[in-house]
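Let's walk through this model together, one region at a time. Keep the structure open beside you as you read.

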Amino acid sequence: MTIDPKQLRYASTHEWVSLDSSGIATIGISAFAVEELTDLVFMALPKLGQKLVAQQEFGEVESVKAVSPLYSPVSGEVVEIHSELVSELEILGEDPYEKGWLMKVKLSDPSELDKLMDYSAYQKQCGEAA
Amino acid sequence: MRRSGLAVLAMNAVLWLDPPASGSWNMAMDQAMLEYAASSQQVILRIYEWSRPTVSLGYFQSWERFSEQSELQSLDVVRRMTGGGAILHDREWTYSLAIPGDLERKGHSEQLYRSVHHAVVAWLRELGYAANFWEELNQKSGTTYLKSDPFFCFERRTQVDIVVGERKIMGSAQRRSAHGLLQHGSLLIDTSPATPHLPGLLSVDTSEKPNHRYYFANPARLGEVVKIGLQLGLNCRWTNGKANEAIIERAKAEAEARFASPGWTRSKNR
């Protein structure tokens, strides 16, 4: 699977979503977020089968000193976890889109994707925050 | 990750000087303080002490690692909401800082570390201590940067930690949440009998400094220094205050539900 950052949908909280043809969403955090967090040391991801609610916390990430929540951009059930990522967080810095995905979710409300930003709008948000 | 807004206008800011309390109460009060800072849109700086020597574990630190520290097993232990390594709160000063969510923005967390620590370095230098950011020493000596494996906060090094000589004597840790940013910090004043390998400020530099043991008996001094540091990064209008009844009730609920619970304290198995 090839993931083009320009084709993704983004939450204002810096998580990205890629929807495949079977209705499964792959979720990760953006390169901007990874750069902001710096020196990641630990990540807690949800359990398989866990039900997620859009805009609610689904996990946490610790950089050298700060603990930050991760917010789900969509609602649905977790169907796959990128469990290797937890012990190899440097992957996120190298490739936050293809190799650094966090989890896959079966959407319960696909219309929520329409509320997310496209690449252009997300880039604008990042530019304003910089 | 959640970010928004810019600090443009002067912020109301309050300093709380709290009496010694248990670890679970201190952590619960910090959480209640953060929520109140968000709802009231003000910065709150809290200086507090611990009624007994207490170990605070970083949010993700494993309980197993604590269990391996035989010299700590007779002490109280609590888990913080902030990251970083374990701290033995004995002969040290603690501050907590709550920044409302709307003030969170790019680079703000780094800015907060630097602003607060910059003021502490300047203050310690005025008092005659050879204080530096770790990054300054690191650049000069080429010493290897230590990743976050050691159990104790004061055994770890990040770039903006404060060292005297090569000994770390102050570090801070943060937590971001929907309410805003919570920052904890600890200044190690003297060496605890339980951790003789972690010398405090008064042990690191034993050169003649009249009355320093008396001077460092008053943690309110740290509040004044942190306030100066925050003025570098935030435009604050300071007053003194204390938690109201609603905040205290919220802290009671947090202490009971979370911070005094062994389930919470032992929850992480990283």
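## A parallel strand pair

In chain B, strand β3 (residues 54-57) runs parallel to β4(B), and the two pair over 4 bridges. Within this pairing, B:Ser56 sits opposite B:Val78 of β4(B). Helix α1(B) packs on the sheet here, touching β3 and β4 of chain B, and its direction makes about 20 degrees with that of β4(B).

The structure you are looking at is a predicted model. The sheet itself is open and has 3 strands in the order β4-β3-β5 (chain B), with mixed pairing. Its edge strands are β4 (76-79) and β5 (87-89) of chain B, each of which pairs on one side only. On average, neighbouring strands of this sheet are turned by 25 degrees against each other, direction ignored.

## The helix on the sheet

Helix α1 of chain B covers residues 23-40, 18 residues in total. From its first C-alpha to its last it reaches 25 Å, close to the 26 Å expected at 1.5 Å a residue. Because 14 of its 18 residues are buried, α1(B) is largely enclosed by the rest of the structure. Just after the helix, B:Gln41 takes a positive phi of about 55 degrees.

## A glutamine inside the helix

One residue to look at in helix α1 of chain B is B:Gln31. Is B:Gln31 buried or exposed? It has 23 C-beta neighbours inside 10 Å, and a residue needs 20 or more to qualify, so B:Gln31 counts as buried.

Which residues does B:Gln31 contact, leaving aside its neighbours within four places in sequence? They are B:Met81 and B:Glu254.

## The nonpolar core

The largest nonpolar core has 93 residues, and B:Ala98 and B:Ile169 touch the most other members. Helix α1(B) gives the most to this core, with 9 residues.

Not counting residues up to four places away in sequence, B:Ile169 touches several residues, among them B:Ile162, B:Val163 and B:Val164. Its contacts also include B:Leu187, B:Leu188, B:Gly200, B:Leu201 and B:Val204.

## Two loop residues with positive phi

In chain A, A:Gln55 has a positive phi of about 70 degrees although it is not a glycine. A:Gln55 lies in the loop between β5 (51-52) and β6 (57-63) of chain A. With 17 C-beta neighbours inside 10 Å, A:Gln55 counts as partly exposed.

In chain B, B:Arg91 has a positive phi of about 65 degrees, and it is not a glycine either. B:Arg91 is in the loop between β5 and β6 (92-100) of chain B. B:Arg91 has 19 C-beta neighbours inside 10 Å, so it counts as partly exposed.

## How confident is the prediction?

The model scores ipTM 0.83 and pTM 0.89. Chain B averages a pLDDT of 89, and 90% of the residues score at least 70.

Where does pLDDT stay under 50 in chain B? One stretch is residues 3-8, for which the model has 14 contacts beyond four places in sequence. Another is residues 142-146, with 6 contacts beyond four places in sequence.

Notes. Residues numbered from 1 in each chain as written. Chains lettered and ligands numbered in written order. Predicted model: local features only at pLDDT ≥ 70, side-chain atom pairs only at ≥ 80, totals over all residues. Expected span 1.5 Å × (residues − 1). Buried ≥ 20, exposed ≤ 12 C-beta atoms within 10 Å, placed from the backbone. Contact = placed C-beta atoms within 7 Å. Pairing = 2+ DSSP bridges. Axes fitted to C-alpha atoms, helices over the stretch in contact; angles between N-to-C directions. Core = buried A, V, L, I, M, F, W, Y, C linked by C-beta atoms within 7 Å. pLDDT = per-residue confidence, 0-100.
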